[in-house]
Amino acid sequence: MSSFLPPSERNWWSTPVGKQEILWIGIALIWCLIMFFMMPYWHIYGKQNLSNEAYQTNAPRFQAKVDAMVASYKVGEEAGVPIVKPPPGSDVYMLGRLWQWYPILELEKNQSYRLHLSSMDWNHGFSLQPVNINLQILPGYEMVITVAPDQAGEFTVVCNEFCGIGHHLMLGKIYVKEY
Amino acid sequence: MAQFRVCPDSGFYFDKSAESLMKANAVAGAVSLLIAGILALGVILTRWQEVHLLPADVFYQVLTGHGINALIFWIIFFEMAILYFASSTLLRTRLAAPRWAWLGFALMIIGMVMNNVAVLQGNSSVMMTSYAPMQAAPHFYLGLILFAVGALIGCFVFLGTLVIARDDRTYEGSIPLVTFGALTACIIAIFTIASGAIILVPTFLWSIGYIGHIDAAMYRVIWWGMGHSSQQINVAAHVSVWYLIVGVLFNARPMSEKVSRSAFLLYILFLQLASAHHILVDPGISSEWKVFNTSYAMYLAVLASMIHGLTVPGSMEVAQRAKGYTKGMFEWLRKAPWGNPVFSGFFFSLIIFGFLGGITGVVMGTEQINLIIHNTIYVPAHFHATVAVGTTLTFMALTYLLIPVLFRRALFLPGVAKIQPYVFSAGMTLMILFMLGAGTLGVARRHWDMDFTGALLAFEYSGTAYTMMAVAGIGGVLGVLGGAMYLVVTVGSLLFGKKLDESAGLFQGFGVPLAPSAYNVEQPERLQMAPKLAVEQHGSAGFEAPGTFALALALLVCFVVYYFINWDYLSSVWPLS
């Protein structure tokens with residue numbers, strides 16, 4: 001009953017601790033350390049890591065970069081959205097705005113691209129389905145990740161950060177082709 | 001001069017003004033829970049795609065209201081009651097500055113009403129997180145600010161009460177463990193409210209046009225200093241209540257005061273920066289910072305929770321074994337009072353918080369694994385395990401304990417109360433498990449339409465995802481039913497429950513103390529230290545709680561297996577660097 005009464009010993013801090021508790025604390029601590037080491041380990045040996053590359057930007061500046069890419073590499077159009085096929089290894093851009101991911105990208109399998117992402121207005125969530133890669137996209141920040149699609153097919157970018165009444169209409173596409 | 005009454009059944013002393021404040025805060029909390037529960041039904045029945053009840057605008061509005069009422073108002077009102085109980089009642093002392101406490105309560109009520117009105121008006125459907133630059137109406141933020149100021153006053157009244165108790169020497173030795181845990185919660189609360197002020201005050205000024213720009217990244221970093229830390233208040237508070245419940249039900253004493261208190265101390269030292277795990281996939285934040293803040297900082301707090309996970313049921317096991325339930329590993333648990341909702345509520349909350357809430361929280365708080373989980377419906381599944389079951393169910397169990405003691409009423413419909421924790425836990429577990437599954441399949445959180453009807457481009461989730469969301473919907477409805485049963489029992493007890501004290505009446509239930517004749521003690525006898533054990537228990541003996549240790553190892557095995565399954569899943573997605 002001493003959980004809600006003052007401890008039975010005045011010097012409770014110097015009473016010995018049971019073996020069972022010490023053992024458990026030791027096991028739990030080791031497990032916490034293993035979990036800590038997994039993160040740096042994955043940075044060195046794992047293949048899925050975010051870069052630390054990001055820049056401050058603003059909507060017009062990022063929009064200009066997207067427009068330049070669309071002008072150079074546009075190969076078609078779907079539902080009024082341009083489809084863009086930039087060369088492998090290049091910088092590719094995708095912007096999120098109410099309520100669209102723009103433009104549609106066509107990438108080659110097993111090639112890497114530097115993907116730049118930013119938002120024109122509010123927070124958006126870049127959720128690549130069905131692969132299930134999820135990133136937070138903020139206005140004013142340009143995030144750069146190197147992505148190397150290892151599956152061919154049609155992939156959808158769902159917005160998974162609430163962005164107003166049209167949030168559930170906000171989709172984008174990435175096509176990965178095998179040559 | 002402060003007046004006290006003593007509860008003849010429990011022996012707890014109540015200071016008149018503290019008692020009224022506890023009642024008022026508990027009732028305000030229950031009202032918030034009622035609002036949250038009704039809104040929850042709207043959320044559940046919309047996300048269950050085959051039902052898809054609400055239109056989009058109402059859904060987002062309802063989801064905003066549900067989050068704020070459940071996560072902020074219900075829990076913090078109830079925690080104020082716990083703070084007053086853990087200080088004034090447990091230490092047998094008068095409450096410091098009751099008028100200030102009432103002012104705090106009034107501000108919290110005004111803030112709660114103001115915020116709910118803003119959401120109800122429809123121009124503040126910004127979700128609980130209200131990420132700038134999306135903007136809500138000014139009174140949305142002002143309501144939250146007033147609520148936080150009120151809560152802050154409550155925290156200082158709690159601290160003042162501790163000081164009075166020490167000066168008046170109302171207790172021998174050190175403060176009890178439960179009060180120590182409440183103090184932990186209070187300290188974390190002060191940090192939380194400071195973070196809240198730092199971000200919400202400028203956001204409020206921005207919403208009325210005095211500030212031109214709120215940086216989106218800064219908002220998220222500081223907002224989560226409040227948003228996540230406020231959940232750590234809950235953890236500290238509900239772990240304290242766990243210790244209280246095992247103390248009251250089983251006469252259990254902590255296995256080691258030193259270990260349990262050190263674990264609480266770890267919460268204060270290391271939980272705060274754990275809010276970093278909300279921004280693991282944000283731009284502009286370095287990996288070193290993320291790894292440091294989620295591992296060094298958070299894992300020492302995880303360690304603390306793992307310690308409580310052993311010592312809370314462990315202390316119960318030791319007490320039960322001392323009573324002769326020594327057969328096998330688990331007789332102590334089998335012979336526990338499973339028909340008493342105080343016990344069943346506490347125990348289910350402990351298990352679900354640890355196995356579902358704890359494990360998923362650490363897994364998704366891992367820097368790289370967050371990539372496959374961030375903002376999917378996995379996230380709400382996690383925090384429903386921690387907050388909606390861990391904290392909320394614990395508070396429900398505590399309510400069943402307090403209705404006779406504090407309100408002097410017998411439980412209304414005890415049969416309903418008896419099964420309530422079972423219904424609530426079963427429903428919530430079902431919902432949580434299937435939301436975790438759907439999140440793994442990529443289903444987005446805070447999303448009105450899995451079908452994307454009307455979108456220019458098309459996308460379809462897998463059939464399994466739909467099935468999972470439907471089962472989660474069924475679980476959610478069952479959970480709401482469990483919540484409704486709780487409210488029927490609680491409100492019914494205040495209105496119709498058998499009076500355990502002649503003067504316990506309807507209005508007494510709503511903040512006014514019992515009849516003056518009940519308060520006949522000027523200053524209670526000094527609280528004595530817990531009796532010493534006849535035999536020295538610690539240190540020498542081997543395993544005093546083998547059953548608990550086996551349960552703890554089971555948790556660890558689940559934890560390890562599930563953790564590496566997620567790394568394996570991560571390794572299968574597109575390479576990123």
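The model is predicted: local features need pLDDT of at least 70, side-chain atom pairs count only at pLDDT 80 or more, and totals for chains, interfaces and linings use all residues. Residues are numbered from 1 along each chain as its sequence is written, while chains are lettered from A and ligands numbered from 1 in the order in which they are written.

Chain B has 15 helices and two strands (DSSP runs numbered from the N terminus, H or I of at least four residues for helices, E of at least two for strands). Its radius of gyration is 23 Å, close to the 25 Å that the globule rule gives for 577 residues, so chain B is as compact as a globular protein of that length. The radius is taken over C-alpha atoms, and the rule is 2.2 Å times the number of residues to the power 0.38. Along the principal axes, the C-alpha atoms of chain B fill a box of roughly 75 × 55 × 45 Å. Contacts (C-beta atoms, placed from the backbone, within 7 Å) in chain B between residues at least 6 apart in sequence join residues at least 24 apart in 85% of cases.

Helix α4 of chain B covers residues 138-167. Its 30 residues reach 44 Å from first C-alpha to last, close to the 44 Å expected at 1.5 Å a residue (1.5 Å times one less than the number of residues). Arg169(B) follows α4(B) and has a positive phi, near 45°.

The largest nonpolar core holds 250 residues. Such a core is a set of buried Ala, Val, Leu, Ile, Met, Phe, Trp, Tyr and Cys residues joined through C-beta atoms within 7 Å. Ile245(B) and Met435(B) touch the most other members. Helix α2 (residues 56-91) of chain B gives the largest share of this core, 24 residues. Leaving out residues up to four places away in sequence, Met435(B) touches Ile377(B), Tyr378(B), Pro380(B), Ala381(B) and Ala472(B).

Chain A is divided into domain 1 (1-49) and domain 2 (54-177), with bounds from an automatic or database domain assignment. The C-alpha centres of these two domains lie 43 Å apart.

At the interface, 78 residues of chain A are in contact with 92 residues of chain B. The largest share of the chain A side, 17 residues, comes from α1(A).

Key
A residue is buried if 20 or more other C-beta atoms lie within 10 Å of its own, exposed if 12 or fewer, and partly exposed in between; C-beta atoms are placed from the backbone. Two residues are in contact if their C-beta atoms, placed from the backbone, lie within 7 Å.
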